[in-house]
Amino acid sequence: GAVVSQHPSWVICKSGTSVKIECRSLDFQATTMFWYRQFPKQSLMLMATSNEGSKATYEQGVEKDKFLINHASLTLSTLTVTSAHPEDSSFYICSARDHLAVYNEQFFGPGTRLTVL
Amino acid sequence: AQSVTQLDSQVPVFEEAPVELRCNYSSSVSVYLFWYVQYPNQGLQLLLKYLSGSTLVKGINGFEAEFNKSQTSFHLRKPSVHISDTAEYFCAVTEDYKLSFGAGTTVTVRA
């Protein structure tokens with residue numbers, strides 16, 4: 001149980017285009033999902049917290065107009081990188097928190113590798 | 001606010017030797033502690049977690065960790081590593097719903 005999927009697993013796009021990444025909790029309902037960014041050889045940095053039915057909460061320094069987050073259902077959150085540029089190339093990982101969990105364990109997706117040319 | 005320090009950025013180790021990865025945290029309140037493993041180009045897999053109770057926590061793949069409140073540490077150990085344990089390991093702490101990660105430790109197991 002507690003499986004989180006991401007789609008696509010990798011994507012290559014041209015500079016200036018937008019890319020949407022999906023994060024799904026497959027066997028549980030997630031009232032809260034998280035989006036992380038990981039540069040090569042570095043740790044995960046939290047970008048935003050996504051709550052079902054409400055606006056996402058962005059971490060300091062993350063442009064909310066560039067990284068659009070939608071959490072329209074209890075099993076799906078999407079991250080859209082708008083007008084992507086090469087510096088947005090990174091590994092994006094989502095996680096989901098089971099709303100029935102008695103503690104704050106997050107279950108992680110397999111990640112999406114974004115390369116902007 | 002909490003923070004996590006992983007004291008070793010890289011740990012080379014021979015196959016079947018023991019390994020210890022050090023993690024210290026700072027927090028003003030009680031926390032939950034986690035160790036995750038990440039294989040290349042993959043997401044994070046939970047190795048083990050400390051929520052409460054026994055300070056010695058056993059996880060998957062033969063790993064264990066000990067919570068030491070007085071030293072604010074949560075070191076990860078494995079008595080005998082395999083080549084397949086080569087990966088990146090992250091210590092993490094949460095006070096509320098957010099996870100804060102350490103910088104990671106790269107474990108390279110050599111034959």
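**A salt bridge and the chains around it**

In this predicted model, the side chains of A:Glu59 and B:Lys98 meet in a salt bridge, with 2.8 Å from N to O (the term covers a side-chain nitrogen of Lys or Arg within 4 Å of a carboxyl oxygen of Asp or Glu). Local features need pLDDT of at least 70 and side-chain atom pairs count only at pLDDT 80 or more, whereas totals for chains, interfaces and linings use all residues; side-chain values use heavy atoms, with hydrogens and water left out. Residues are numbered from 1 along each chain as its sequence is written, while chains are lettered from A and ligands numbered from 1 in the order in which they are written.

Across the interface of chain B and chain A, the rule finds 1 salt bridge. It also finds 5 residue pairs in polar contact, both residues at pLDDT 80 or more (a pair of N or O atoms within 3.5 Å; within protein, one must be able to donate a hydrogen and the other to accept it, and residues adjacent in sequence count only if both atoms are side-chain atoms). On the chain B side, β5 (32–38), β6 (44–50), β10 (87–94) and β11 (99–101) each supply at least two of the residues touching chain A. The biggest giver is β5(B), with 4 residues. Strands here are DSSP runs of E with at least two residues, helices are runs of H or I with at least four, and both are numbered from the N terminus.

How many residues take part on each side? In all, 20 residues of chain B are in contact with 19 residues of chain A, contact being heavy atoms within 4.5 Å. The area buried between the two chains is about 1,600 Å², and carbon and sulfur atoms give 58% of it; this is the accessible area (1.4 Å probe) that two parts lose on being put together, summed over both.

As for the fold, chain B has 0 helices and 12 strands. Its C-alpha atoms fill a box of roughly 40 × 30 × 20 Å along the principal axes. Buried residues make up 44% of the 111 residues in chain B, where buried means under 20% relative accessible area, exposed over 50% and partly exposed in between (1.4 Å probe, protein chains only).

B:Ser70 is found between β8 (64–68) and β9 (73–78) of chain B, and it counts as exposed because its relative accessibility is 72%. Its side chain is joined to that of B:Asn68 by a polar contact of 2.7 Å.
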